[in-house]
Amino acid sequence: MNFLYNFLVVEPWPWWFSGLMITFIMYLHLFFGKSFGMSSNLRTMCAIGGGRLSDFFKFDWRAQIWNLVVAGGAMIGGLIFILFIDQNPTVNISPETIESLKEISINVEAGNVSHFPNEIFNWGNLFTAQGIIFIVFSGILVGFGTRYAGGCTSGHAISGLSNLQIPSLIAVVGFFVGGLIMVNFILPYIMQL
Amino acid sequence: MKIAKFIKYAIIGILFGITMFKSEAISWFRIYEMFKMQSFHMYGIIGTAVISGMIMVQLMKKEKIKGFHQSIITFKDKNSGWKRYLFGGIIFGLGWGMGGACPGPIFVLIGGGYSIFIVFMLSAMLGTFIYGLARKKLPH
């Protein structure tokens with residue numbers, strides 16, 4: 001029991017267990033007759049907010065409430081983690097990553113890396129050029145790109161690839177092309193702002 | 001609205017939220033590290049999920065597994081084409097590499113108390129809204 005408690009609650013989950021849990025979550029969706037895809041919620045929220053300007057938002061959003069409940073559950077899951085599992089979570093990134101972050105003037109200390117660079121993602125930084133690019137502009141790209149591509153990491157990379165969908169493979173290749181370009185070639189310039 | 005009907009979806013969401021934190025997949029640094037190819041961690045998570053998911057879905061199709069409603073679980077094919085998937089995918093990837101969060105983790109981070117991601121979520125909604133307006137002018 002002690003081993004199980006340590007494995008499930010105390011230690012961060014190893015990659016293979018995390019991957020299996022994601023598949024289990026996809027299974028639960030399928031079992032209840034749904035498909036796993038988080039980004040649809042963004043469209044549903046636009047529709048509820050009254051997206052009358054485009055017929056893209058004129059659909060029966062009530063049929064999508066179940067997915068909003070999943071998103072609400074995801075929030076509760078995040079809250080449960082912070083309240084009961086780890087109040088001050090840290091991330092075990094590799095020493096090479098810590099070194100390469102220094103090159104773009106993000107300084108973090110091994111063993112004390114939080115979930116994101118606090119100096120960038122904070123309310124005080126929101127109205128600086130850097131803050132607007134990192135928080136607002138990247139959000140717009142994520143929301144626009146995911147709907148254009150018809151899905152995000154859960155809908156294409158997990159659900160789509162599991163179902164051997166070629167469109168999903170193209171989308172996932174796109175995700176990685178975009179991410180590699182951003183992190184390796186554009187981010188160093190944005191950090192100089 | 002039947003509350004009981006929705007409890008199962010809330011539980012699925014809670015499980016997802018905890019998985020995102022415990023796997024560290026909601027971390028901006030993990031996404032950075034993945035695109036820098038400096039660790040196997042994220043590739044391991046996604047790879048395990050994709051391979052085990054493929055095996056599961058193929059078995060479900062072959063064995064005609066039944067779900068909760070006693071009907072056989074079915075799978076929808078994505079619409080064919082490549083332009084929207086490639087262009088949309090690249091735009092999504094640019095945002096993912098910069099913001100470090102894809103749509104699922106946004107909700108988890110907000111629930112975890114990182115309130116600045118409310119702005120990120122509203123921005124993502126704005127992006128989706130812009131797509132809704134521009135959709136007919138884009139190659140699909």
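Visitor: What volume does the largest pocket have?

Guide: The largest pocket has a volume of about 1,100 Å³. The model is a predicted one, in which local features need pLDDT of at least 70, side-chain atom pairs count only at pLDDT 80 or more, and totals for chains, interfaces and linings use all residues. Residues are numbered from 1 along each chain as its sequence is written, chains are lettered from A and ligands numbered from 1 in the order in which they are written, and side-chain values use heavy atoms, with hydrogens and water left out.

Visitor: What makes a space a pocket and not a cavity?

Guide: On a 1 Å grid over the protein atoms alone, a pocket is an open set of points with protein on both sides within 12 Å along at least five of seven lines, whereas a cavity is a set where a 1.4 Å probe fits but cannot get out. A volume is the space filled by probe spheres set on the points, which are joined across faces, edges and corners.

Visitor: Which residues of the lining lie nearest the centre of the largest pocket?

Guide: Ser35(A), Phe36(A), Ser40(A), Lys76(B) and Lys78(B) do, out of 45 lining residues. A lining residue has an atom within 4 Å of a point, so each of these meets that limit. The largest share of this lining, five residues, comes from H7(A).

Visitor: How is the lining of the largest pocket divided by class?

Guide: There are 16 nonpolar, 22 polar and seven charged residues. Ala, Val, Leu, Ile, Met, Phe, Trp, Tyr, Cys and Pro count as nonpolar, Asp, Glu, Lys and Arg as charged, and the others, Gly among them, as polar.

Visitor: What does the search of the whole structure find in the way of cavities?

Guide: One cavity of 30 Å³ or more is found, and about 210 Å³ of space lies in the largest cavity. Among its 17 lining residues, Ile22(A), Thr153(A), Ser154(A), Met20(B) and Cys102(B) are the closest to its centre. The lining of this cavity has 14 nonpolar residues, three polar and no charged.

Visitor: Why are Asp55(A) and Lys136(B) said to form a salt bridge?

Guide: A salt bridge is a side-chain nitrogen of Lys or Arg within 4 Å of a carboxyl oxygen of Asp or Glu. The side chains of Asp55(A) and Lys136(B) meet at 3.4 Å, N to O, so the pair qualifies. Across the interface of chain B and chain A the rule finds two salt bridges.

Visitor: How many residues are in contact between the chains?

Guide: With contact meaning heavy atoms within 4.5 Å, 107 residues of chain B touch 124 residues of chain A. The area buried between them is about 10,500 Å², of which carbon and sulfur atoms give 78%. Buried area is the accessible area (1.4 Å probe) that two parts lose on being put together, summed over both. Lys22(B), Phe29(B) and Met98(B) supply 9% of the area that chain B buries against chain A, more than any other three residues.

Visitor: What makes up chain B?

Guide: Chain B has six helices and zero strands. Helices (H or I, at least four residues) and strands (E, at least two) are DSSP runs, numbered from the N terminus. The C-alpha trace of chain B spans about 45 × 40 × 40 Å along its principal axes.
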